[in-house]
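Here is a briefing for a reader who has not seen this structure before. Please look at the sequence and the model first.

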Amino acid sequence: MRILLVDDSRKHRDAGVADLSALGHEVVALRDYSEVAKVVRGERFDVALLDLLMPAEAMTLGSAGLAHLGESFAVGYPLAVYLAARGVPFVAVATDTNHHNHPASAMMDWLVGDVVTINGGTVMFMHSPMKSTSDGQVKDWAEVLRRLTSAGEKKPS
Amino acid sequence: MRICIALGSPWKAVERALEAIIGLNPSFQIVGQEEADVIIVGDARQALGFLKDDEDVKVLAILLGGNEERVGAESLSRAFPDRVIIRPALERDGEENIVQYLINYKEEV
């Protein structure tokens, strides 16, 4: 499968590329969410795997907006909707932030376990499965993919 | 302290000047980006990329432009505590500028 992985954390991104590539998938990994629109234009992806919280980027922001540059915000939610609306059939948002430590991760509790359908695609939100590596604890994006595609298979047609 | 200067192409002359100043201070060593403890940048947007890529690196943001640069740099300073140092290119309201900072810096032993 052709997978778009968006995560600002280098260790989670590198681990995802390694694990998903080892499974035979083609992975396009992005550090900056501002690159997503450009990358998906005219390109087909089978899966999008997204971080929830990422630092706010400058993009088209003026002075008032730049006062938020770098702030961690829940970009995973609108990104998931954007990508599903553009026809990516499987989309997952996975966070490693403890749900006691950020309101956006706390909101994830409302969505965990649900399989949402947007534009016919399967969208899931989850607290990320983790695994131990020499870099410490990293997201297990291969397990995220397995849960996502399994959920998609179980959806009534 | 290992320093990398990454101001970018419009600021090559400023980079050369900073290299000369940094060379005067034995506390500093100029290195490439991968080995740097601190990366000197002139753009808050660029600074964000460095901060994301290496959790240990700090950025020294020189305010070369207008108010927007300060707003962005100060926001990064709040978002990444203890990892962003901000200095104006020119002294303003008694604030230590980049040259004074580099000359006066002494590495703690």
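The notes below cover the sheet of each chain, the contact between the chains, and the salt bridges.

This is a predicted model, in which local features need pLDDT of at least 70 and side-chain atom pairs count only at pLDDT 80 or more, while totals for chains, interfaces and linings use all residues. Residues are numbered from 1 along each chain as its sequence is written, chains are lettered from A and ligands numbered from 1 in the order in which they are written, and side-chain values use heavy atoms, with hydrogens and water left out.

**Sheet of chain A**

- Chain A has an open sheet of 6 strands in the order S2-S1-S3-S6-S8-S7, with mixed pairing.
- Its edge strands, which pair on one side only, are S2 (26-30) and S7 (116-118) of chain A.
- On average, and with direction ignored, neighbouring strands of this sheet are turned by 20° against each other.
- Helices (H or I, at least four residues) and strands (E, at least two) are DSSP runs numbered from the N terminus, and two strands pair if DSSP finds at least two bridges between them.
- S1 (residues 2-6) of chain A is joined to S2(A) by 5 bridges in the parallel sense.
- A:Arg2 has A:Glu26 in S2(A) as its bridge partner.
- Helix H1 (residues 10-22) of chain A packs on the sheet and touches S1, S2 and S3 (47-51) of chain A, with its direction at about 175° to that of S2(A).
- Helix H5 (residues 103-111) of chain A also packs on the sheet, where it touches S6 (90-95) and S8 (121-127) of chain A, and its direction makes about 125° with that of S8(A).
- Contact means heavy atoms within 4.5 Å; axes are lines fitted to C-alpha atoms, for helices over the stretch in contact, and angles run from 0 to 180 degrees between N-to-C directions.

**Sheet of chain B**

- In chain B, 5 strands form an open sheet in the order S2-S1-S3-S4-S5, and the pairing is parallel.
- The edge strands of chain B are S2 (29-30) and S5 (84-88).
- S1 (residues 2-5) of chain B pairs with S2(B) over 2 bridges, and B:Ile3 stands opposite B:Ile30 in S2(B).
- Helix H1 (residues 12-23) of chain B lies across S1, S2, S3 (38-41) and S4 (58-63) of chain B, at about 165° to S1(B).
- H2(B) packs on the sheet and touches S3, S4 and S5 of chain B; its direction makes about 165° with that of S3(B).

**Contact between the chains**

- On chain B, 15 residues are in contact with 17 residues of chain A.
- The area buried between the chains is about 1,400 Å², with 52% given by carbon and sulfur atoms; buried area is the accessible area (1.4 Å probe) that two parts lose on being put together, summed over both.
- Between chain B and chain A there are 4 salt bridges, each a side-chain nitrogen of Lys or Arg within 4 Å of a carboxyl oxygen of Asp or Glu.
- One salt bridge joins the side chains of B:Asp53 and A:Arg31 (2.7 Å, N to O).
- Helices H2 (44-53) and H3 (67-79) of chain B each supply at least two residues of the side that touches chain A, and H3(B) gives the most, with 7 residues.

**Salt bridges in the whole structure**

- Over all chains, 23 salt bridges are found.
- A:Glu26 and A:Arg2 form a salt bridge, with the closest N and O atoms 3.0 Å apart.
- This pair links distant parts of the chain, since A:Glu26 in S2 and A:Arg2 in S1 of chain A are 24 residues apart.
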